[in-house]
Structures are given as C-alpha cells and as structure tokens.
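I hope they are handy while you look through it.

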Amino acid sequence: MSEPTGHGATPPETAGGAAAAPGPAGAPATTPPREPHEPHEPHEPGGRHEVDGAAERAPSRGPLRDPVVLGSLGVLVFLALAGLILPSLLPHGPNELVSDRALDGPSWGHPLGTDELGRDLLARVLAGIRVSLLVIVSSVPLALAAGGLLGLFSSASRWLDTPVQRLFDVVLAFPSLILGLACAAVLGSGLTSVIVTVAVAASPVTGRVLRDAVRSQATRDYVVSARVLGVGTWRLYLRHILPNCFDVVLVQAALACATAVFVEGGMSFLGLGVPPPGASLGSLLSTSLNVLTSAPFYAAGPLVVISALVLCFTLLSDALNRTMAAR
Amino acid sequence: MLRYLLRRLPVTALVLLLATVPIFAVLRMAPGDPAATLAGPDASPEAVAAIRHDLGLDRSLARQYLSWLGGALHGDFSTSFVNGAEVSGLVGRGLGNTGTLTLCALVLAVLLAFPLGVATALARTARLRTALSALNVVMLAVPTYVTGVLLTMVFSGALRLLPPGGYVPVLDDPVEGAQFLVLPSVCLALPSAAVLARFLAASLQRVFHEEHYFASRMRGLSRRRLILRHGLPNAVGPLVTVLGIQIGHLLGGAVIVEAIFAWPGLGEAMVSSANARDYPMVQAMLLLAVTVFIVLQLFSDLVYALVDPRVREQP
C-alpha cells in the first residue's frame, strides 16, 4: 500500500481465501497486483489464531489437488467438449430451420426448445460455446504475448518502464466494453473487433503482474549467481526468470479467458459481435429478453452456459493463485 | 495538501493528453473516407473535396488533432455524421440519465459492500468464510447481462413486481420513477459491491493486526465499539481509491445495463453510434468516459490524501 495511484491499490487477501481477483465483470482495471508471497494468517478481531480452513493448512499441495481447481476445470472441459463434439452428433445445425413451431418449449427432439425462427436452441447454444472458444483461443495468446512482452521490457529496462506503465494506465482508463465499442466503431462489428478488444483489454493487467513477478525474481540469489556466472541477459530472462514466473502467467491466462468470454458475450449482446445469422451466447441472451414473457425457457441455456464459463475461469484463476502462492 | 495536488496534477494531465491521441486516431484509423460517405455514392469528386475541406480533413494530421483538441476543450465536438445534430447536445441529453443510474448503483454498491466486507473480515468458521467468498465470486464474475436477464425474469416475469424496462423521470414521479430504477441499479451495483467488499475485508483484517487495535481490545471495549470506532475508520482509507475506479467501471457497465432495461442514457447512443460509425459521437463519448475516469481517480487520490496524511507525505 505504497501509493494510492488507482490500479496499484491494495492487494486484498480475503479471509475466505479467495485471492485478489476482481473478475472481468466489474473491473479488469481494479485487478490489483497479486502478491502471492504472503500466506495469510487470519486473525480474529480478538487476536485469536485460527487454523481451520484448507487454504491455511496446506502449504505444499499442488494445484491439481485443489477441489476448486479440479471442479472448475472439469466443468470447463465438459463444456468445451460439448461445444466441439456434440454439434456433429446433432441431427440439425444451428442455422437450420428444423421446426415449423417457433418458440416451442423443451421437448425430446429439442431439449432446449426452438427459437423465434424455429431453429434448435441446443444447437445454437453449442455454436455459441464454439464462438467463445474461438475468441479465447485467438485472443488470450495475443493478450499474454503483448502484455507479457511489454511487462518484460518494462521490468528489464528502467528507460522503458515509465512509458510502458503510462501506456497501461491509458488502456486501463477505458472499461473493457467501452474499448469494445471503440473497436467496433473502427473495425466494424464482428469477431475481429471482439478478439482485438479482448487482447487490448487483458494485456495491461498481464503486463503489470508479470513485471512485478520478474522484478521480485530478479533479486533472488539464483539470478544473481547466474549473472555472476556470465549468463547473458536474454538467456537469463528466457531460461531462468520466465520459467519461475510461469505460475503468474497461468493465473493471468485463466483470468484473460474469463475476460474473453465476458467481452464476447457483452459485445454480442449489444449487437457488435457475431453478426445475425450466427449464434453467440450473448446474442441469444439479448433475443431471450424480447421473448421473456412468451418463452421464458429461451434464456435458460445461454444463461447457464455463459455464467458457468465466466465463473469457472474466475474460480480457476483465484484457486490457482491461492494454491501457487501457498507453495 | 496543495503540494500533493501539484505533484499529481501533471501526471494526470499527461495521461489524459495521451489518451486523447488514440481517441483522435479512431477517426483516422477507420477504413473508408468520411467525406465520401457523407457525400453519398453519386457525388462528384469536387463535391467530396468540398466536404473534405468543410470537415477540415484536407489539413495536416497534427493540425486536425490540435483543432479537434481545441474544440473539445470548449465542449465543441462538431456535428454527428448521422443526423447532423450537435454532438455535445446529444451527449448531454443522455448524460443525466446515465448519471442518475450510476449514482444509484454506486450508493447501492457501498450499502451492500459494508455489511458483506465486515462479515467477511469477521467470519470465524471455515464454512461461513467459504460461503461468503463464494457469494463474492458469484457477484463479481457473473456478467451484468446475465444478472440483468435473471432479475427481469424473476421480478418482472414471475413475480410481476417491477417493470421489465423503461424510464420515467424520477423528479416527475418519484414513486414510479424509482420502480424503473431498482432493477438496473441492482444489476449494475453487484460486481462493484463485490470488489468493494473484498477490499474492505482485506483492509479491515490489516487493521486487526495493528497494535493500536490490539491495545483497544485490551482496554476491554465491546466488539461493536471496536469495529465501528476503531476498525472501520482505519480501514476505509484505501477504499476511497477503489471507489473512484469503480465509478468509472459503473459508467462502462451502464452501457450493457441500459441496453437490458431500455434505459435512455448514453449507452444507447454509444452503441448506435458505434454501429453507424458516427465518429464524432464515438470520439466525444470516449473522451467523456476517459476524462470522467481519470478525474475521478485523481479526485479519489486527493480524498485519500486528505483522509490519510501519510499518503501525502510520501516522496
């Protein structure tokens, strides 16, 4: 808590063990720099120490033993597999008119019902999952690469540090959906602007966190001894320091995935994402609002799937941060 | 205090100035020629050139940027490409409504965050702690467009308590106006409330570790008095900063919430101008969003420095 300049505010470790990860929903910019090196000791206001709760007890468990990590990974894998495999098993595609009864409730033929044109809602929800996956796969590596490189430069060079940090300030000054609107205005609405938005919105946080992580590694003994042994700067960063920052990058990747799903849904909800004939979780939700009274079942599928995706990625990032900090 | 302000002001101005560059570049990076679009498909090259001259697009980039910046300083954002109306007028009309919504959401977020944050900081059992942090993650991570649809389904669909969307000026008819305001505010407030609660809980727990708190406890003060008089006042400082950032994000989130509840604010104008590529509108609103965000940040830092002298003494 050194300077109250906005983004670098307090890194909270709440008692519940949920680490500091304001998710994508409200505030990517408030995501405080994680300081994973402080295992928290919950003090009662009475000053009495307490040692129940898994987070405090197990300092050496791997992330894959954590029930939250396992659970959210399980749900995510299930949804991803459903989105990738199920469509080829279904008798009808997402844009096929399969029933002459529009807005028909759930039935054996159409488990989630049919939409306003008589298309199968299950097929459309699955197509929406595919869109989300596509956005994740294309934008998250971009965000990590851009943010990671900038963060690395920023940590390596004192001259670059200030400009890069100000650049991050400027990007963080735009809420992610406002960035999305700007991207849609320039590039036209469509998946390209969604991908660009996610990459731009998620990279400053990654950059900041990686910069701090690299800085904290740079003072360690192994780095100093490597330097003394004459290891070159590039090799030092790529082979020695970066591998030790892997956990931080992993946490950020999970968070960036949550941002990707959130932004894709939001932009499609506003009609700036996937164009009309295509299906997206966001556009399905916005259509469901118009038919809420006559067909309340419409919203169920997209509602559950998009919440599950964002929630699981956020939980995953939280839990990874917690378990890795404990080690 | 004044010295602190003088130290912060140049940095803030610089960030704001830097932010204007990409905003201006929005117009330049866009594919297509605005003059040609405006002139229509059948216009002669001379007509296009005339329009380009009228818009000032034939001058150098630097001069265009400076004149745009100068106009922006006067509140002059030229006219909308789509309907030719003054952009400042169009923005001003939506701003009041969005402001009302944001303010309500902010108050609600703070009201929700305090009990939640204090409860999280005080939670004794692991089960309660897990429950509270689960609630927090859900509030935080579930997107506003999901909660919006859910709230509409429950409160206006199933229970028929509140209208699904629309707008009645609160000043004209307080009772009905408030009814239209409830669902959007709740929807907008939840993620911010979660963030604030997290920060409050963390801040409170830090205070619990401090010696003055321990000393007060040793004096045998009651739990309630301890928390209300010795815990919270020392914990709210860092929250001011977070609050400033949250207001900016409430404004961003308002775009979605206004679309869900058919609230006639800036969000609607923003989406339609982004769709129509109405650049003067888009630029004006981006500039507005960034200015509000940056000014709020500075303001909250100042309030923090006012509250906590340690901050302003820092080199």
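**Notes on helix packing and chain layout**

1. Let me start with a pair in chain A: H3(A) and H9(A) are oblique to each other, a class that takes the angles left over once those under 35 degrees (roughly parallel), over 145 (roughly antiparallel) and 65 to 115 (roughly perpendicular) are set aside. Helix H3 of chain A covers residues 121-156 and helix H9 of chain A residues 246-269, and the two pack at an angle of about 135 degrees with their axes 9 Å apart. Axes here are lines fitted to C-alpha atoms, for helices over the stretch in contact, with angles running from 0 to 180 degrees between N-to-C directions. Helices are DSSP runs of H or I with at least four residues, strands are E runs of at least two, and both are numbered from the N terminus.

2. A word on the basis: this is a predicted model, in which local features need pLDDT of at least 70 and side-chain atom pairs count only at pLDDT 80 or more, while totals for chains, interfaces and linings use all residues. Residues are numbered from 1 along each chain as its sequence is written, and chains are lettered from A and ligands numbered from 1 in the order in which they are written.

3. On the H3(A) side the residues in contact include Val131(A), Ala143(A) and Gly148(A), and on the H9(A) side they include Val249(A), Cys257(A) and Glu264(A). Contact requires C-beta atoms, placed from the backbone, to lie within 7 Å.

4. H9(A) also packs with helix H5 of chain A (residues 176-187), where the axes come within 10 Å and cross at roughly 55 degrees. That angle makes H5(A) oblique to H9(A). Ser176(A), Leu177(A), Gly180(A) and Ala184(A) of H5(A) make the contact with Thr259(A), Val263(A), Gly266(A) and Met267(A) of H9(A). This crossing of H5(A) and H9(A) is right-handed.

5. Chain A as a whole has eleven helices and zero strands, and 54% of its 327 residues count as buried. UniProt, in an unreviewed entry, places "domain: ABC transmembrane type-1" at residues 129-317 of chain A; such annotations may be inferred rather than shown by experiment, and the positions follow the numbering used here, with feature names shortened. That span is 82% helix and 0% strand, and its end C-alpha atoms lie 20 Å apart.

6. Chain B has 14 helices and zero strands, and 44% of its 315 residues count as buried. Chain B is divided into domain 1 (32-76) and domain 2 (88-313), with bounds from an automatic or database domain assignment. Taken over C-alpha atoms, the centres of these two domains of chain B are 40 Å apart.

7. Please look at Ala262(B), which has a positive phi of about 50 degrees although it is not a glycine. Most residues other than glycine have a negative phi. Ala262(B) sits in the loop between helix H11 (237-260) and helix H12 (266-276) of chain B, and with 15 C-beta neighbours inside 10 Å it counts as partly exposed.

How values were computed
Buried ≥ 20, exposed ≤ 12 C-beta atoms within 10 Å, placed from the backbone. Contact = placed C-beta atoms within 7 Å. Left-handed = near helix turned anticlockwise from the far one by under 90°.
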